[in-house]
Amino acid sequence: MKYFDIDLNLNEDDIALRDAARQFAEQEIRPVAKLLDQMTAEEGIAEDSPLWPLLGKAYALGYHKILLPERFGGLELTPLQANIVMEELGWGSFGLGVLLAVVSFPFYFVCLSNNEELIEKFVKPYCNCTDGSIRGCWAITEPEHGSDVLAIGDECFTSPSMKGNVKAVLDGDEWVINGQKSAWVSGGTISTHALLYVQIDQSKGFAGNGTCIVPLDLPGVSKGKPLEKMGQRDLNQGEIYFDDVRIPKEYMMVEPDMYVLMLDSCLALANLCMASWSTGLSRAAYEEALNYTKERIQGGRPLIEHYTTKQRLFEMFARVETQRAVTRAAIKLNFSIMPPHPEYSFVAKTQSTEMAFKNTHDAIQLFGGNGLTREYAVEKLFRDARSTLIEDGNNEALARHGGDVLMKTYPRN
Ligand SMILES: Cc1cc2nc3c(=O)[nH]c(=O)nc-3n(C[C@H](O)[C@H](O)[C@H](O)COP(=O)(O)OP(=O)(O)OC[C@H]3O[C@@H](n4cnc5c(N)ncnc54)[C@H](O)[C@@H]3O)c2cc1C
């Protein structure tokens, strides 16, 4: 089912990208997501897993470099196009949509560093990769620190009592890294490179952190078991351990002086991706419900002919349109300015994920008992949507951070 886009200014390229992404999501992502959802986490990354051919196809089409600039081999989509493609991938599967973006995070940040040597070494091979064999991850969450490490503006963030679980110490021309990232790192057990957040100067709390790129084939790196979880089961996750891992000094792209600005920008970017995939997820739930209620007869008529069903479907439709509108507005803003205004990304993420969750909930209600079974897609959509309220920052934590921005910088000029 194609949606009508109320933006009549989409150009031919925008429409072609949307249609191609939609076809890929329908024909390639959905069937694999369904299989992975029903496998164990170990089976999902075994040699014969359907994940690998899917990644190969996605890389061959360039879906791993949506966020990267053209001059280094990326697609350099406009903010609107990035939103359009991510919505379609999220419609196919939220978890695989996340994976296809997170694989690019270390390389995206190397581009921002403007370090030509690092770009040559890391970004160009990644952009040229067409078989899915180079995969990044975003490793920030720690066993003892979830919301803490994102809590810019909170007292705890700058407190010297905040001891990070991963530390880096400069030894001559090399950083030596020790510690552990949590099991929630997306793509953690299958990635070849990490965008790693490390504590450098504990006297500044987490504001004393830095960010580096770490090839994960270095001596001293090991990985945990893939995580078994309720939703987004098609998204591999797991711990990464660092035992005296040495990286050249230049791999530390951000040090404490720039860390807070970088983290805020990173959250602004990641949460716009979350909002875009959530729009797709929400639309998937709405479409499933629309189709089902046209077919299921109760009281002698299709469900959709009953007043309360029409009303519920309209509310679901309204949520999707609202999600898309607010997400596009925020992505157009924050993909175009530096530094971004994170509060708009947080509005998009918190609202879009809450609405996606409501839509999957309503879809299950409209399916009745059938909605609770694995036979129907809405059961997976509901589990996937539940995870989004926690992912890339609990919605409460993002709201607190957004409130802090309002307190300190509003009214904006
Ligand atoms: C599907 C998924 C994918 C993810 N992908 C990644 C990834 O790629 N890389 C990565 O590094 N991490 C990833 N994460 C981790 C994610 O960012 C964290 O789960 C999130 O930041 C919350 O941290 P936590 O789970 O430790 O919860 P906690 O921080 O322990 O929070 C638990 C509860 O306490 C509340 N709370 C926390 N602090 C306060 C406070 N100060 N005051 C009041 N209440 C508070 C929270 O709102 C929440 O309700 C992912 C998570 C999920 C679910």
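At 6% relative accessibility, Glu 343 counts as buried, where buried means under 20% relative accessible area, exposed over 50% and partly exposed in between (1.4 Å probe, protein chains only). The model is predicted, so that local features need pLDDT of at least 70 and side-chain atom pairs count only at pLDDT 80 or more, whereas totals for chains, interfaces and linings use all residues. Residues are numbered from 1 along each chain as its sequence is written, and side-chain values use heavy atoms, with hydrogens and water left out.

The side chain of Glu 343 meets that of Arg 412 in a salt bridge at 2.7 Å, N to O. The pair links distant parts of the chain, 69 residues apart, with Glu 343 in helix α10 (residues 342-367) and Arg 412 in the segment after α12 (395-409). Helices (H or I, at least four residues) and strands (E, at least two) are DSSP runs, numbered from the N terminus. Arg 412 is partly exposed, with a relative accessible area of 31%.

The structure holds 27 salt bridges, a salt bridge being a side-chain nitrogen of Lys or Arg within 4 Å of a carboxyl oxygen of Asp or Glu. Between Glu 287 and Arg 22, the closest N and O atoms of the salt bridge are 3.7 Å apart. Glu 287 belongs to helix α8 (residues 256-295) and Arg 22 to helix α1, so the pair ties together parts that are 265 residues apart in sequence. Both residues, Glu 287 and Arg 22, are buried. A salt bridge also connects Arg 324 with Glu 87, with the closest N and O atoms 2.9 Å apart. Because Arg 324 lies in helix α9 (residues 307-334) and Glu 87 in helix α4 (residues 79-92), this pair ties together parts that are 237 residues apart in sequence. Arg 324 and Glu 87 are both buried. A network of salt bridges links Arg 22, Glu 87, Glu 88, Arg 283, Glu 287, Glu 321 and Arg 324. Glu 88 and Asp 19 are 69 residues apart in sequence and 8.7 Å apart in space, C-alpha to C-alpha. Asp 19 lies in helix α1 (residues 12-38) and is partly exposed, with a relative accessible area of 27%.

Strand β7 (residues 240-248) runs antiparallel to strand β3 (residues 174-181), and seven bridges join the two. Two strands pair if DSSP finds at least two bridges between them. Trp 175 stands opposite Ile 247 in β7. Strand β6 (residues 221-223) is also antiparallel to β7, with three bridges joining them, and Lys 223 stands opposite Ile 240 in β7.

Most residues other than glycine have a negative phi, and most peptide bonds are trans. In the loop between β6 and β7 lies Gln 232, a residue other than glycine with a positive phi near 50 degrees. Gln 232 counts as buried at 2% relative accessibility. Asp 392, which is not a glycine, has a positive phi of about 55 degrees; its place is in the loop between α11 (377-388) and α12. A cis peptide bond joins Met 338 and Pro 339, with omega about -5 degrees, and Pro 339 is in the loop between α9 and α10. The peptide bond from Tyr 410 to Pro 411 is also cis, with omega near 0 degrees, and Pro 411 is in the segment after α12.
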